[in-house]
Amino acid sequence: MGIKTEINHLSNRDLLVPYALPYLAYVGIASITRGILPAEISYVLKIIVVPSLLYWAWKWYCPLTGPKKIAGSVAAGICFGIAGTAAWCILMKPFAPPDAAVWTKPEFLLRLFSASLIVPVFEEIFIRGFVLRAAFQWDMNRKNGVKSPLKHMLDYDCINDVRPGAWTVLAVAVSTIAFAAGHVQAQWPAAVVFSVLMAVLWIVRKDLLSCIIAHGITNFTLALYVYFTGQWGLW
């Protein structure tokens, strides 16, 4: 039996750890090292640990591409990424702390690298790749009258059975709440809108590649905007 066949027979409960661990590691390193280690060391740890976990878990992940052409997903990702930056700046501005600390150049470069190339991969794989699709299966179980729909989703369903681009309002809402929960309270309005944008991209393009590209473009252009305008509270 091939690896992909074995993975397709795993339940969502089996897949939860590979999908969630890189995300939890990133958040955990940030929480544990805050106020104890310099920001540079914290980001170096993230840059080492999280890609290592992604490499380990990659065999369990669904394909990043979908039924549509990759070139279209790249183009859509760039457009949505720029729109995401604009939305984030507009929605964050009323809540941004005016006295936010200025990042040193090493801190900025490490954060730029991490936010542009690492965060989009593990966040989109977890939020849109697992949470949204698992929530979709839970919602469908509920609508179909399945007894214990949440338990059935965890123990008997597999997110690999969800067709690319599938969604329900509940699935988008659950994934949006999960995404916003990973951000500080001042960022919630912007995070909610950005998460909905990524859900729309998943629905339209039917792949994770476009979401990862959009997320990376947003983080990269936002970082540059903050750096050149000095509005550090936006990031």
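## Contacts, core and helix packing

Leaving aside its neighbours within four places in sequence, Ser 73 touches Arg 205, Asp 207, Leu 209, Ser 210 and Ile 213. The model described here is predicted. Ser 73 lies in helix α4. Is Ser 73 buried or exposed? Its relative accessibility is 0%, so Ser 73 counts as buried, the limit being under 20%. The side chain of Ser 73 also makes a polar contact with the side chain of Asp 207, at 2.4 Å.

In general, nonpolar side chains in soluble globular proteins tend to be buried together. Here the largest nonpolar core has 60 residues, and Tyr 19, Phe 122, Phe 126 and Phe 130 touch the most other members.

Which helix gives the most to the core? It is α5, with 16 residues. Setting aside neighbours within four places in sequence, Phe 122 is in contact with Pro 22, Tyr 23, Tyr 26, Val 50 and Leu 54.

Helix α5 (residues 105-143) packs with helix α7 (residues 169-181) at an angle of about 140°, and their axes are 8 Å apart. The crossing of α5 and α7 is right-handed. Among the residues that meet are Ile 127, Val 131 and Phe 136 in α5, and Leu 170, Val 174 and Phe 179 in α7. By class, this contact of α5 with α7 has 11 nonpolar, one polar and four charged residues.

Technical notes
Residues are numbered from 1 along each chain as its sequence is written. This is a predicted model: local features need pLDDT of at least 70, side-chain atom pairs count only at pLDDT 80 or more; totals for chains, interfaces and linings use all residues. Side-chain values use heavy atoms; hydrogens and water are left out. Axes are lines fitted to C-alpha atoms, for helices over the stretch in contact, and angles run from 0 to 180 degrees between N-to-C directions. Helices (H or I, at least four residues) and strands (E, at least two) are DSSP runs, numbered from the N terminus. A crossing is left-handed if the near helix is turned anticlockwise from the far one by less than a right angle, and right-handed if clockwise. Contact means heavy atoms within 4.5 Å. Ala, Val, Leu, Ile, Met, Phe, Trp, Tyr, Cys and Pro count as nonpolar, Asp, Glu, Lys and Arg as charged, and the others, Gly among them, as polar. A nonpolar core is a set of buried Ala, Val, Leu, Ile, Met, Phe, Trp, Tyr and Cys residues joined through side-chain atoms within 4.5 Å. Buried means under 20% relative accessible area, exposed over 50%, partly exposed in between (1.4 Å probe, protein chains only). A polar contact is a pair of N or O atoms within 3.5 Å; within protein, one must be able to donate a hydrogen and the other to accept it, and residues adjacent in sequence count only if both atoms are side-chain atoms.
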